[in-house]
Amino acid sequence: MNERKTKLDKIRAFVAKMPSLSTTVGKVLEICSRTDTSPNDLNKVIALDPVLTGQVLKLINSAYYSLVNKVTSLTRAIVMLGLNTVKNLALSTAVIRCIGQINKSKALPNKHFWEHSIGVGVMAKLLAAERGLPLAEREEYFVAGLLHDLGKIPFGDEYIGVLIRAKQEQTPLIRLEKQYLEIDHEEVGAMIASTWKLNPVITDAVCHHHAPEQAAPEHQGLVATVALADFYICLFDIGYAGNRFPDGEQLPTLLELCGLEWSSVVKLSEIVDEEIRKAEIFLQV
Amino acid sequence: MIQVKFWGVRGSIPCPGPHTMKYGGNTACIELRFPEVNRHIIIDAGTGIRGLANSMLANDLPNGPIATEIYLSHTHWDHIMGFPFFVPAYIPGTRLKVFGPVTYEDDPLEAVVGGQMKYRYFPVNMGELAGNIEYLRLKEEPLLDLGDGITLATTIINHPITALGYRFSFRGAVFCTAYDTEPFRNLFVTDPNHPAYDELMAMEGEEAAREQNQLLEHFFKDADLLVHDAQYTRQEYEKGYIGWGHTPIEDAIAAAKRAGVKRLALFHHDPDRSDEQLDQMTLAYCAAEHCAPMQVFFAREGQEIIL
């Protein structure tokens, strides 16, 4: 009992010390998830954070657009490229930057962990498109996918032992977490989501991506999509977040919740790599 | 010499019928021929491209396999919907390059343009095209050498998705396009009594819009022929089409005149515009006393111009 308490206390202490989602990022998330964002609101909220402003402008001026005349102000970027483009750029940049600042255990090498997270984000967004969701809604799928494994970050070095066991026993990671660490990454994710005040949809993705049926009924589509994306990315070893053996028994339920066939998921393999490469430009900024 | 021919001049959707016999009902497609160097370029694959394809089969194919390039202004439907009916793409030996812009985070060009050739939409799948087809994404380019003395510059214009204006130059002749585009405008609150008003933002938005518009004018400066968006009258635009990505006729004429354009083809006519209305609008907008020395006309399907 005491050992369990110590482990949980350690995790609680870690979560408490994690850099909070800055006010700016929280506001960007809030402003960007509304469909009626005004140019004034967007400009103001990004401009509050000079670093974010710089990163967004750097991205706009990167090879992605290869603009002939450099864009040097957000106002101009919004006039020139439109509200939606700037909104999406800011949202992804803000979230990734915030998470990049966290020091996590050595169990999961940063580079591979982010490759996994971006992979799930990109795949969730592609699946959202496959499900016929409008472009404006897909960005939330990317963010949900990107953040789904947040709960693994606070695990200490003892997590390495769990990862090794998961590999040896060829078992889904989440089952062993509970067994050896007393708490699983969905539960830790819930703690972070509440500290960061993530919105209810993203919170559900962080807390229920291994059991989408436990998410609120109106979020199950998104959570199942993130779960399906996670299954795919784990199965095909894109990046590494510790879970080499996703739970195959879950697949039919996930496909049903998403209204998709496995063949249409696999078909995306041609574009998923390219999309991941595109999304990785955010990490270089 | 650049030989220009309009195969489709409409915006939004084809509108065949008794009221569009004179100006035509097909959507955007323009052909450029460079006879001295035997080069052929197509701008946009609206429904007008079907007629162009038939003409190429009759006149070009007998002389050998077809080699051409399609430059898409953007990938909205009216500008790509003729692509499945571009018959040369089905003929082995055809060499076709498709250039166009891709909107941030959208699919690659091949998927956007070829995606309409799926069995659910069309009886032939993209993979079944027998010609050699290459898809190439275009960004803003100050100067591209297309070979044979032809150069191309591109610029981002103002439309809800990424759209490009083109400037082709060959032996001193300059041909430009600027559609689908709307004058850049200040998107920020300008009413000082509005709670969200921010003076600096309002001023900077104003300046950014003005400068972007100047850059576009500079882009088509001194063109021998400019094909410009002119879907609405200013009155129509202000009444309900702000933000749709199209230019009022009055603005197109004024911008072209400031830029020293020699001939201006008003383009992308609204599908509800009848021949009779376009004739009347010609009298109202294109008279020499307003426009000289520039020549202004509403582009007509089948019309040919030599530069």
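This is a predicted model: local features need pLDDT of at least 70, side-chain atom pairs count only at pLDDT 80 or more; totals for chains, interfaces and linings use all residues.
In which loop of chain B is the place of Asp148(B)? Asp148(B) lies in the loop between β7 (141-147) and β8 (150-157) of chain B, and this residue has a positive phi of about 60° although it is not a glycine.

**Chain B as a whole**

- The secondary structure of chain B consists of 8 helices and 14 strands.
- Taken along the principal axes, the box filled by the C-alpha atoms of chain B is roughly 65 × 45 × 40 Å.
- Chain B has a radius of gyration of 20 Å, and this agrees with the value near 19 Å that a compact globule would have with 307 residues.

**The sheet that runs from β6 to β14 in chain B**

- An open sheet of 7 strands in chain B has the order β6-β5-β4-β3-β2-β1-β14, and its pairing is mixed.
- At the edges of this sheet stand β6 (132-137) and β14 (304-306) of chain B, and each of them has a single partner strand, so one side of each is left without a neighbour in the sheet.
- Neighbouring strands of this sheet are turned against each other by 20° on average, when direction is ignored.
- Within this sheet, strand β4 (residues 67-71) of chain B and strand β5 (residues 95-100) of chain B run parallel and are joined by 5 bridges.
- Glu69(B) stands opposite Lys97(B), which belongs to β5(B).
- As background, the strands of a sheet pair through backbone hydrogen bonds, and the pairing may be either parallel or antiparallel.

**The sheet that runs from β7 to β13 in chain B**

- Another open sheet of 7 strands in chain B has the order β7-β8-β9-β10-β11-β12-β13, with mixed pairing.
- The edge strands here are β7 and β13 of chain B, each of which pairs on one side only.
- From one strand to the next, the twist of this sheet averages 20°.
- Strand β11 (residues 225-229) of chain B runs parallel to strand β12 (residues 263-267) of chain B, and 5 bridges join the two.
- His228(B) has Leu266(B) of β12(B) standing opposite.

- Most residues other than glycine have a negative phi, and most peptide bonds are trans.
- Tyr179(B) and Asp180(B) are joined by a cis peptide bond with an omega of about -10°, and Asp180(B) is found in the loop between β10 (173-178) and α4 (199-219) of chain B.
- A cis peptide bond also joins Ala292(B) and Pro293(B), where omega is about 5°, and Pro293(B) is found in the loop between α8 (288-291) and β13 (295-298) of chain B.

**Where chain A touches chain B**

- The contact takes 20 residues from chain A and 20 residues from chain B.
- On the side of chain A that touches chain B, the elements that give two or more residues are α3 (39-47), α5 (74-81) and α6 (83-100) of chain A.
- The most is given by α5(A), with 5 residues.
- By class, the residues on this side of chain A divide into 8 nonpolar, 10 polar and 2 charged.

**Helix packing in chain A**

- Helix α11 (residues 185-196) of chain A and α12(A) have axes that come within 7 Å and cross at roughly 155°; angles over 145 degrees count as roughly antiparallel, and α11(A) and α12(A) are therefore roughly antiparallel to each other.
- This contact is made by Glu186(A), Gly189(A), Ala190(A) and Ala193(A) of α11(A), together with Thr203(A), Val206(A), Cys207(A) and His208(A) of α12(A), and its residues divide into 4 nonpolar, 3 polar and 1 charged.
- Helix α12 (residues 200-208) of chain A also packs with helix α13 (residues 220-235) of chain A, at an angle of about 45° and with their axes 9 Å apart, and α12(A) and α13(A) are therefore oblique to each other.
- The crossing in which α12(A) passes α13(A) is right-handed.
- From α12(A), the residues Val201(A), Asp204(A), Ala205(A) and His208(A) meet Leu222(A), Val223(A) and Val226(A) of α13(A), and by class this contact has 5 nonpolar, 1 polar and 1 charged residues.

Definitions and conventions. Residues are numbered from 1 along each chain as its sequence is written. Chains are lettered from A and ligands numbered from 1 in the order in which they are written. Axes are lines fitted to C-alpha atoms, for helices over the stretch in contact, and angles run from 0 to 180 degrees between N-to-C directions. Helices (H or I, at least four residues) and strands (E, at least two) are DSSP runs, numbered from the N terminus. Angles under 35 degrees count as roughly parallel, over 145 as roughly antiparallel, 65 to 115 as roughly perpendicular and the rest as oblique. A crossing is left-handed if the near helix is turned anticlockwise from the far one by less than a right angle, and right-handed if clockwise. Two residues are in contact if their C-beta atoms, placed from the backbone, lie within 7 Å. Ala, Val, Leu, Ile, Met, Phe, Trp, Tyr, Cys and Pro count as nonpolar, Asp, Glu, Lys and Arg as charged, and the others, Gly among them, as polar. Two strands pair if DSSP finds at least two bridges between them. The radius of gyration is taken over C-alpha atoms; the globule rule is 2.2 Å times the number of residues to the power 0.38.
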